[in-house]
Amino acid sequence: MLEEIIRAAREAGKIMLEGEKEPIDVKTKAGAANFVTQYDLAVQENLREALKKICPEADFLGEEGEAKTTGTELVFIVDPIDGTTNFIHGYRHSAISIALAREGKVEYGVVYNPYTEEVFSAKRGEGARRNGETIRVSNRPMEEALICFGTSPYDPSLAEASFRLAKKLFDRAADIRRSGSAALDLCAIAAGQCEFDFELVLQPWDFAASSLIIEEAGGCVSRPSGAPLRILEPNPLIAGNRPVYEAFFKEGLDKEVEIR
Ligand code: IPD
Ligand code: CA
Ligand code: CA
């Protein structure tokens, strides 16, 4: 199953890369700074077909179009392009994210970055991999940590709180980054390239696949209260290696986040 999902992600990645050669047609969606291109739609349709063949009994929850699931037992949760704003700008840091969840628990996760040809993957209970090699979170403490964050761009009412928390973390850690792809940020923690990430609201397709990848790499992911993520709903999210995740609570930073 995992290998088949990876194959589907690689194939869909070819469509994404066509965006480097052909003009990108940008349309706005509901909410602030929320864009969709013909590539988001084409990648999603390609994956809908391919994943149906891999597991016909699974429902499909994708970001584009009518993002709804009837909550059946098995569901693919798909972000055709995570990092659409980067994609539109030719920033070359975006990914395809595919999770297969059973009763609200992610069993398989695949995140593919077609620019670097990196495939991050995990099957529950079997560890996390990058291009087949096992990956682990780092052991760096807060003072040495590289912190990622997302700005919840589609909900400007969260900007104040996001930047306040980012500043608090910046004061304690080595530095901060804002990459533009939540899925790749979480995979970077899994691979030991950074230590912590937060965003005050993320959608299931942003985090489903990479939340399993980070757990299987020995990292921690939850709501900022410490409560488990609700996989089929929007969530505020924190994730980290163990030392920085624990320091977040020990230093009372969870109190900075009003959304529980
Ligand atoms: C977005 C990216 C971004 C995050 C946003 C997401 P999209 O996904 O992951 O890093 O800050 O909250 O919505 O719209 O490019 O698929
Ligand atoms: Ca996304
Ligand atoms: Ca997207």
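This is a predicted model: local features need pLDDT of at least 70, side-chain atom pairs count only at pLDDT 80 or more; totals for chains, interfaces and linings use all residues.
Two strands count as paired here if DSSP finds at least two bridges between them.

**Entry 1**

Which way do the strands line up across the whole sheet? I read the order as β3-β4-β5-β6-β7-β8-β9, an open sheet of seven strands with mixed pairing. At the edges I have β3 (59–62) and β9 (133–135), each pairing on one side only. From one strand to the next, the twist averages 20°.

**Entry 2: helices on the sheet**

Next I checked what packs on the sheet. Helix α1 (residues 2–18) does, and I see it touching β4, β5, β6 and β7 (118–123). The direction of α1 makes about 35° with that of β6. Helix α2 (residues 38–54) packs there too, touching β3, β4 and β5. For α2 I noted an angle of about 150° with the direction of β4.

**Entry 3: the calcium site**

Then I went to the metals. Which residues coordinate the calcium ion (ligand 2)? I found Asp-79, Asp-82 and Asp-206, each through OD, at 2.1 to 2.2 Å. Their spacing in sequence reads D-x2-D-x123-D. The calcium ion (ligand 3) sits 3.7 Å from the calcium ion (ligand 2), and Asp-79 coordinates both. Asp-79 lies in strand β4 (residues 74–82) and Asp-206 in helix α6 (residues 204–216), so this pair ties together parts that are 127 residues apart in sequence.

Buried or exposed, I wondered, for Asp-79? The cut-off for buried is under 20% relative accessible area. Asp-79 comes out at 1%, so I logged it as buried. Asp-206 is at 12% and also counts as buried.

**Entry 4: helix α7**

Last stop was α7 (residues 242–250), where I listed Val-244, Tyr-245, Ala-247 and Phe-248 as the buried residues. They span an arc of only 160° around the axis, which puts them on the same side of α7. What covers them? I noted a cover that includes β10 (146–149), α4 (159–172), β12 (196–202), β13 (220–222) and β14 (235–240).

I also looked at both ends. Asn-241 caps the N-terminal end of α7, with a side-chain oxygen 2.9 Å from the backbone nitrogen of Val-244. After α7 comes Gly-252, and I noted its positive phi, near 70°.

Conventions
Residues are numbered from 1 along each chain as its sequence is written. Chains are lettered from A and ligands numbered from 1 in the order in which they are written. Side-chain values use heavy atoms; hydrogens and water are left out. Buried means under 20% relative accessible area, exposed over 50%, partly exposed in between (1.4 Å probe, protein chains only). Helices (H or I, at least four residues) and strands (E, at least two) are DSSP runs, numbered from the N terminus. The arc is that of the directions from the helix axis to the C-beta atoms. Contact means heavy atoms within 4.5 Å. A polar contact is a pair of N or O atoms within 3.5 Å; within protein, one must be able to donate a hydrogen and the other to accept it, and residues adjacent in sequence count only if both atoms are side-chain atoms. Donors are N, O and S atoms within 2.8 Å of the metal (3.2 Å for Na, K and Ca); water is not among the atoms, so sites may look incomplete. Axes are lines fitted to C-alpha atoms, for helices over the stretch in contact, and angles run from 0 to 180 degrees between N-to-C directions.
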